[in-house]
Amino acid sequence: PFDKYELEPSPLTLFILGRKQPNFCWQVFIQGSTKNGDTGHPFGYLKASTNLLTVNLFVLPYNYPMLLPLLDDLFKAHRLKPTNEWRTQFHNYLRTMPTYYAGPLRRALSRMGAGNLASTLIPEAMDNSLSYSVLNYLKRLKNQAKLEYDRIVSVTPYKGKVGPDGIKVNVRSQLKRELMDSLPGSSLRDQVTDFPGYMLGLPEKAGAETHPL
């Protein structure tokens, strides 16, 4: 499987189209995609269309020249029963792959029919591409956000309850048709007819006396 994107016209696309080689492709890389910071391995290629009118970017798995032959052997030659030699080659591929590819690759293998073998070949421990300190920081942010959410919910009026900033008003009778017809705009009429209840807002006044309902 691959993703295909058409490039907008640019000096690069004009250069590729000017060569008039629809069967030729240029591999693409990401600077810093490896641990030592170099260009690493290709993740796709650029190729002119057959009619030489556009240039397309084909996005494939990272280091696909190494991965695709391995997968072909896994399904066709080994019938999902990889040998030790194949496993060694696959583990060598995993060492070249950025860790954030682990989850998507595992899911792709499962969809292809590898099943439990996918989890064996690509352990879930590889998913933890972030450092321990970063994971702890994200966890603290998540807990703080939950506490703030709970606090806001506790002071916010909602349907069926009288909150500190409003009074619930129950509708006892239908509004007269002539009053409804006089409302400007259908959206306002819908708000009046569809909303099951109303809340009267209370302005904040210093020293104002409040009485329970």
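The structure is a predicted model. In it, strand β4 (residues 55-59) pairs with strand β3 (residues 44-48) and is also joined to strand β1 (residues 3-6), while the structure as a whole holds 8 aromatic pairs.

**Strands around β4**

- Strand β4, which spans residues 55-59, is mostly covered, since 4 of its 5 residues are buried.
- Strand β1 runs antiparallel to β4 and is joined to it by 4 bridges, and within this pairing Tyr5 stands opposite Leu57 of β4.
- Strand β3 also pairs with β4 in the antiparallel sense, here over 5 bridges, and Lys47 has Asn56 in β4 as its bridge partner.
- The strands β3 and β4 form a hairpin with 6 residues between them, and in the turn Leu52 has a positive phi of about 60 degrees.

**Aromatic pairs and a cluster**

- Among the 8 aromatic pairs of the structure is that of Tyr62 and Tyr101, which counts as tilted because the ring planes stand at 45 degrees, with the centres 5.7 Å apart.
- This pair links distant parts of the chain, 39 residues apart, for Tyr62 lies in the loop between β4 and α2 (64-77), whereas Tyr101 lies in the loop between α3 (84-96) and α4 (102-111).
- Tyr62 is buried, with a relative accessible area of 3%, whereas Tyr101 is partly exposed, with a relative accessible area of 22%.
- Phe90 and Tyr93 form a tilted aromatic pair as well, with 6.1 Å from centre to centre and 40 degrees between the planes.
- Phe90 and Tyr93 both belong to helix α3, where they are 3 residues apart, or about one turn of the helix, and both are buried.
- One aromatic cluster is formed by Phe2, Tyr45, Phe58 and Tyr64.

- Thr13 is part of helix α1, which covers residues 11-18, and Thr13 counts as buried because its relative accessibility is 4%, where the cut-off is under 20%.
- Leaving aside residues up to four places away in sequence, Thr13 touches Leu7, Glu8 and Val55.

**A nonpolar patch on the surface**

- Val134, Leu135, Tyr137, Leu138 and Leu141 form a nonpolar patch on the surface, and together these residues have about 410 Å² of accessible area.
- Tyr137, one of the residues of this patch, lies in helix α6, which covers residues 132-154, and is partly exposed, with a relative accessible area of 44%.

Note on methods. Residues are numbered from 1 along each chain as its sequence is written. This is a predicted model: local features need pLDDT of at least 70, side-chain atom pairs count only at pLDDT 80 or more; totals for chains, interfaces and linings use all residues. Side-chain values use heavy atoms; hydrogens and water are left out. Patches are made of residues with over 30% relative accessible area and no salt bridge: like charges are joined within 9 Å, nonpolar side chains (Val, Leu, Ile, Met, Phe, Trp, Tyr) within 5 Å. Accessible areas come from the Shrake-Rupley method with a 1.4 Å probe; for residues, only the protein chains shown count as cover. A salt bridge is a side-chain nitrogen of Lys or Arg within 4 Å of a carboxyl oxygen of Asp or Glu. Helices (H or I, at least four residues) and strands (E, at least two) are DSSP runs, numbered from the N terminus. Buried means under 20% relative accessible area, exposed over 50%, partly exposed in between (1.4 Å probe, protein chains only). Two strands pair if DSSP finds at least two bridges between them. Contact means heavy atoms within 4.5 Å. Rings of Phe, Tyr and Trp (its six-membered ring) pair if their centres lie within 6.5 Å; planes under 30 degrees apart count as stacked, over 60 as edge-to-face and the rest as tilted.
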